[in-house]
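Here is a short walk through the structure, to be read with the model in view. It begins with one chain and then turns to the other.

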Amino acid sequence: MSYLPEYTPADVTPPQMFLNRRALIAGAAALTVASPARAGSPYSTDEVPNTFEDITTYNNYYEFGYDKADPAAYAGKLKTDPWSVVVDGLVDNPGTYSLSDLIAGQPIEERIYRFRCVEAWSMIVPWQGFQLSGLLQKLGVQAGAKYVAFETIVRPDEMPGISGSMIDWPYREGLRLDEAMHPLTIMATGLYGKPMPNQNGAPIRLIVPWKYGFKSVKAIVRISLVAEQPVTTWNTLAANEYGFYANVNPEVDHPRWSQASERRIGGGLFAGRIDTVKFNGYGDQVASLYTGQDLTKDY
Amino acid sequence: MLNAINQTARRIPAYTIYIAGIALAAWVIFSSLSTPDPAKVLERTLGTRGLQILIATLCITPLRWYGVNLLKFRRALGLMGFMFIALHLTTWVVLDLALRWSEILTELTKRPFIIVGMLAFVALIPLAVTSNNAMIERLGALRWKRLHWLAYPATLAGAVHFVMIGKVYTLESALYFAAVAGLLIARRLKARKKALQTA
């Protein structure tokens with residue numbers, strides 16, 4: 001079973017070519033002759049992606065341990081094939097879907113997004129995925145549905161961080177329906193042209209680039225369309241620190257640290273910081289979702 | 001067993017601790033360089049090692065009650081602990097917050113865990129400054145001893161700072177806190193017993 005029906009590793013743009021993206025665009029006419037045309041998504045940033053190594057060795061995935069190196073060390077044990085996803089709640093087509101059935105017909109494309117962690121670090125990641133809106137249309141959202149809730153798999157035998165932690169598993173996250181339907185919101189099945197590495201949330205995860213990373217739930221096994229705002233893991237653990245919305249916002253500090261700036265991973269010991277941009281720089285596309293909301297209250 | 005430890009300790013000069021401490025700091029810096037987020041890794045590792053060394057320093061006195069005499073290493077250990085904490089703070093200011101002074105000032109005034117950590121560091125300064133024979137003579141043994149009681153609240157504040165950083169409470173942070181609290185209580189009980197005996 002493939003998570004990437006439209007790409008094989010042979011189609012991958014090698015990392016060194018990403019680094020030459022601007023030169024590549026300049027020479028696009030010549031290159032299109034040599035390689036199949038693959039227009040970049042207008043939703044992608046032209047910032048240089050982090051290396052595959054950075055993206056796959058620096059992860060928060062507490063089911064595998066608290067340390068950021070733990071997921072890379074232990075996630076290999078997680079079996080992601082076969083994989084099924086329960087779809088329930090206010091949908092026309094509920095059921096237990098195999099992964100291939102779930103994503104069948106969804107056009108997978110590359111999205112190079114900024115990824116901003118609530119811990120004030122950030123990366124640029126070339127994801128492959130499809131818009132969640134397409135999947136929700138296929139599933140048939142019923143009139144009463146206002147939110148989408150997600151759950152991550154719980155397999156204590158394959159996820160050594162689960163036992164002995166104080167978190168009430170499964171990991172739960174959710175979006176308001178309009179956020180879920182936004183074209184920037186994707187279900188990602190790969191990165192750098194490869195199937196999603198286990199430590200990054202294989203086989204399928206959410207990516208919401210204008211929100212802190214913890215909203216982008218990994219290894220999804222349940223998608224529920226619901227009427228009420230769903231219970232979410234970090235919000236339950238510390239409601240004053242992690243809100244339901246969790247939009248990237250330099251004006252609203254985390255109670256224990258400033259969100260005004262961030263460390264961009266990959267720059268080395270003396271990289272310093274860059275200013276954090278509201279909605280992680282996606283404000284033009286998403287700010288209108290929150291018209292009339294006080295984002296200092298709905299943080 | 002105790003004799004063997006004491007005899008080995010007698011043969012090892014105290015300056016070994018300085019060499020080992022500086023070598024460890026160099027290794028911590030070097031090994032952080034190959035990680036994706038070196039500034040954060042360095043900051044965390046230096047802080048954790050500093051706290052561990054300070055806790056080890058506090059263990060020297062209770063170990064003597066059980067016949068293990070490592071007293072000659074205590075000053076060197078304490079100073080190495082201070083060095084790690086000073087490097088930890090420097091890393092936070094220079095590499096993590098990258099000298100963004102307005103943000104640093106905000107952190108120092110608004111974040112309880114930063115304030116607690118900073119208080120711990122400030123409390124360590126007079127201890128480091130007076131960790132030499134000349135200062136013991138100048139202060140007199142009694143006043144010096146009283147001053148160095150500060151090592152307990154300072155290390156305790158360091159352990160509290162460590163607990164407060166975590167997004168969730170971990171066993172590691174709980175153990176550091178329990179260790180310092182246990183050492184402080186043990187010292188208190190011993191002092192009380194002594195006071196009762198002499199009374």
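Helices are DSSP runs of H or I with at least four residues, numbered from the N terminus. By that count, K193(B) belongs to helix 10 of chain B. The model is a predicted one, and the values below are computed from it.

The patch as a whole consists of R64(B), K145(B), K190(B), K193(B) and K194(B). Lys and Arg are the residues that count as positive here.

K145(B) is among the residues nearest the centre of the second largest pocket, together with T61(B), R74(B), H148(B) and R187(B). In total, 31 residues line this pocket, and the space in it comes to about 1,000 Å³. Which helix gives the largest share of the lining of the second largest pocket? Helix 3 of chain B does, with six residues. Helix 3 covers residues 38-65, and at least two lining residues each also come from helix 4 (74-96), helix 6 (112-129), helix 8 (141-148), helix 9 (151-165) and helix 10 of chain B.

The structure contains three cavities of 30 Å³ or more. The largest cavity holds about 390 Å³ of space. Its lining is made up of 28 residues, and N60(A), Y61(A), G213(A), F214(A) and K218(A) are the closest to its centre. Strand 4 of chain A supplies four residues, the largest share of the lining of the largest cavity.

A120(A) is not a glycine, yet its phi is positive, at about 70°. Most residues other than glycine have a negative phi, and most peptide bonds are trans.

Two peptide bonds in chain A are cis. One joins D81(A) and P82(A), with omega about 5°; P82(A) lies in the loop between helix 5 (70-74) and strand 1 (84-89) of chain A. Another joins W169(A) and P170(A), again with omega about 5°, and P170(A) is in the loop between strand 5 (147-152) and strand 6 (172-176) of chain A.

The last topic is charge pairing. Side chains of opposite charge can pair when their charged atoms come close. Over all chains, a search of the whole structure finds 27 salt bridges. One of them joins R222(A) and D88(A), whose closest N and O atoms are 2.7 Å apart. This pair links distant parts of the chain, 134 residues apart: R222(A) is in strand 10 (residues 220-226) of chain A, and D88(A) is in strand 1 of chain A.

How values were computed: Residues are numbered from 1 along each chain as its sequence is written. Chains are lettered from A and ligands numbered from 1 in the order in which they are written. This is a predicted model: local features need pLDDT of at least 70, side-chain atom pairs count only at pLDDT 80 or more; totals for chains, interfaces and linings use all residues. Side-chain values use heavy atoms; hydrogens and water are left out. Patches are made of residues with over 30% relative accessible area and no salt bridge: like charges are joined within 9 Å, nonpolar side chains (Val, Leu, Ile, Met, Phe, Trp, Tyr) within 5 Å. Accessible areas come from the Shrake-Rupley method with a 1.4 Å probe; for residues, only the protein chains shown count as cover. A salt bridge is a side-chain nitrogen of Lys or Arg within 4 Å of a carboxyl oxygen of Asp or Glu. The place of a charge is taken as NZ of Lys, CZ of Arg, CG of Asp or CD of Glu. On a 1 Å grid over the protein atoms alone, a cavity is a set of points where a 1.4 Å probe fits but cannot get out, and a pocket is an open set with protein on both sides within 12 Å along at least five of seven lines; lining residues have an atom within 4 Å of a point. Grid points are joined across faces, edges and corners, and a volume is the space filled by probe spheres set on the points.
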